[in-house]
Amino acid sequence: MFSISLLCSGCSFVSKAKYVEQNGGVAILISDNKAENAANLVDMIKDDTGRDVHIPAGFLLGTDGWVL
C-alpha cells in the first residue's frame with residue numbers, strides 16, 4: 001500500500017496513478033489534501049501526455065478522504 005501523502009503534490013492524476021502502477025500497486029484512491037474541501041466540482045491537473053493507466057483509479061474530495 002502506498003500513502004497518497006508520499007506522492008507528489010501538484011502533479012497530474014495520471015502521474016500519481018502511473019507511479020503506483022509501475023511500483024506494483026493494483027489500485028489507487030487519490031484524495032484532495034484539504035480536509036475542508038467539499039466542493040462538487042473536481043479540478044484535476046491537466047495531463048496531455050497520452051499515457052494509459054491499467055489499474056482502477058478513483059478520486060475522493062478532501063472531506064471524504066479524511067474520513068477514510
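Ile 30 stands opposite Phe 59 in strand 2, and that pair is a handy place to start reading this predicted model. Strand 1 and strand 2 run parallel and are joined by four bridges; two strands count as paired if DSSP finds at least two bridges between them. Helices (H or I, at least four residues) and strands (E, at least two) are DSSP runs, numbered from the N terminus.

A quick word on ground rules. Residues are numbered from 1 along each chain as its sequence is written. Because this is a prediction, local features need pLDDT of at least 70 and side-chain atom pairs count only at pLDDT 80 or more, while totals for chains, interfaces and linings use all residues; side-chain values use heavy atoms, with hydrogens and water left out.

Stepping back, the protein has two helices and two strands, in the order α-β-β-α from the N terminus on. Of its 68 residues, 25% count as buried, where buried means under 20% relative accessible area, exposed over 50%, and partly exposed in between (1.4 Å probe, protein chains only). The accessible surface comes to about 4900 Å², and 57% of that belongs to carbon and sulfur atoms; these areas come from the Shrake-Rupley method with a 1.4 Å probe, and for residues only the protein chains shown count as cover. As for contacts (heavy atoms within 4.5 Å), take those with a separation of 6 or more: 76% of them link residues 24 or more positions apart.

Back to strand 1, which has two faces. Ile 28 and Ile 30 are on the covered one, Leu 29 and Ser 31 on the uncovered one. So where do the covered isoleucines end up, given that a nonpolar core is a set of buried Ala, Val, Leu, Ile, Met, Phe, Trp, Tyr and Cys residues joined through side-chain atoms within 4.5 Å? Both belong to the largest nonpolar core, whose five residues are Ala 17, Val 20, Ile 28, Ile 30 and Ile 55. Helix 1 (13–22) and strand 1 (28–31) each supply at least two residues of this core. In soluble globular proteins, nonpolar side chains tend to be buried together.

Now look along helix 1. Its buried residues are Val 14, Lys 16, Ala 17, Lys 18, Val 20 and Glu 21, and the buried residues of this helix pack against strand 1 and strand 2 (57–60). Lys 18 counts as buried because its relative accessible area is 13%. Its side chain joins that of Glu 21 in a polar contact of 2.7 Å, meaning a pair of N or O atoms within 3.5 Å; within protein, one must be able to donate a hydrogen and the other to accept it, and residues adjacent in sequence count only if both atoms are side-chain atoms. Neighbours within four places in sequence aside, Lys 18 is in contact with Arg 51, Asp 52, Val 53 and His 54.

Ser 12 lies in the segment before helix 1 and counts as buried because its relative accessibility is 6%. The Ser 12 side chain reaches the backbone nitrogen of Ser 15 at 3.0 Å. After the helix comes Gly 24, with a positive phi near 95°.

Finally, head for the loop between strand 1 and strand 2, where you'll find Lys 34. At 48% relative accessible area, Lys 34 is partly exposed. Not counting residues up to four places away in sequence, Lys 34 touches Gly 62, Thr 63 and Trp 66. Lys 34 and Gly 62 are 28 residues apart in sequence, but 5.0 Å apart in space, C-alpha to C-alpha.
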